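Hi,

Here is the structure I promised to hand over. Have a look at it first, then read on for what turned up.

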Amino acid sequence: LEAARAILEHDAPESAALAYVYVGICTSCFWTLENDRNLDLAQRALAIGEKLGSRPVIAHAQIFLGIALARQGQLRAGLDLIERAQRTGEEENLAFVTFLGTSFLGGFDLGTRRDPRTGNDWARRELAKPHQATASLMAK
């Protein structure tokens with residue numbers, strides 16, 4: 001991803017491809033808890049998505065930006081972005097976005113709000129959606 005990033009930042013600095021490379025790196029940062037890097041790259045991806053008017057790019061960036069903000073303690077701003085991305089993900093059938101949104105929001109409800117019913121509701125709603133039924137992991 002870093003090699004693709006270097007090429008695209010030079011050759012296609014405002015492309016959806018570069019935004020998705022940023023999102024790919026954000027995915028890694030999410031798991032390695034590199035929150036500052038996640039925040040920076042998610043903001044870059046969001047700026048590209050907004051300039052292009054691409055709802056899928058915007059939603060992918062919003063998920064990671066929201067998670068980064070929530071992890072920084074800007075909980076309301078972070079959750080708002082995640083919920084917005086979740087809605088767009090559902091409208092645009094973006095399984096990765098809805099998976100991350102459900103995972104983060106459901107986990108937040110289960111662990112932080114101490115409301116397992118809300119977390120379970122998030123997970124059940126997501127699993128009941130047609131795009132999840134056809135996902136290769138769910139089909140097995």
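Let's start with Lys51: its relative accessible area is 57%, so Lys51 counts as exposed (over 50% is exposed, under 20% is buried and in between is partly exposed, using a 1.4 Å probe and protein chains only). Before going further, note that this is a predicted model: local features need pLDDT of at least 70 and side-chain atom pairs count only at pLDDT 80 or more, while totals for chains, interfaces and linings use all residues. Residues are numbered from 1 along each chain as its sequence is written, and side-chain values use heavy atoms, with hydrogens and water left out.

**Salt bridges**

What is the partner of Lys51 in a salt bridge? It is Glu14, with 3.0 Å between the closest N and O atoms. (A salt bridge here is a side-chain nitrogen of Lys or Arg within 4 Å of a carboxyl oxygen of Asp or Glu.) Glu14 sits in the loop between α1 (2-11) and α2 (16-32), and Lys51 in helix α3 (residues 35-52), so this pair ties together parts that are 37 residues apart in sequence. (Helices are DSSP runs of H or I with at least four residues, strands are runs of E with at least two, and both are numbered from the N terminus.) Glu14 is partly exposed, at 45% relative accessibility.

Arg55 belongs to helix α4 (residues 55-71) and Glu91 to helix α5 (residues 75-92), so the pair ties together parts that are 36 residues apart in sequence. Glu91 is exposed at 55%, whereas Arg55 is partly exposed at 36%. Arg55 also has a salt bridge with Glu92, at 2.7 Å from N to O. Glu92 lies in helix α5 and Arg55 in helix α4, so here the linked parts are 37 residues apart in sequence. Glu92 is partly exposed, at 32%.

The structure holds 11 salt bridges. Glu2, Arg5, Glu9, Glu34, Arg37, Asp40 and Arg44 are linked in a network of them.

**Aromatic rings**

How many aromatic pairs are there? The count comes to 3. (Rings of Phe, Tyr and Trp, the last by its six-membered ring, pair if their centres lie within 6.5 Å; planes under 30 degrees apart are stacked, over 60 edge-to-face and the rest tilted.) One of them is Phe30 with Trp31, edge-to-face, at 4.6 Å centre to centre and 80° between the planes. Phe30 is buried at 12%, but Trp31 is exposed at 64%. Phe64 and Phe96 make a tilted pair, with 6.3 Å between centres and 40° between planes. Phe64 lies in helix α4 and Phe96 in helix α6 (residues 95-111), so they tie together parts 32 residues apart in sequence. Phe64 is buried at 0%, and Phe96 is partly exposed at 35%. Phe30, Trp31, Phe64 and Phe96 form one aromatic cluster.

**Helix α2**

Finally, follow α2 along its length. It has 17 residues and reaches 24 Å from first C-alpha to last, close to the 24 Å expected (1.5 Å times one less than the number of residues). Its buried residues include Leu18, Tyr22, Ile25 and Phe30. What covers the buried residues of α2 includes α1, α3 and α4. After α2 comes Leu33, with a positive phi near 60°.

Enjoy exploring!

Conventions: Contact = heavy atoms within 4.5 Å.
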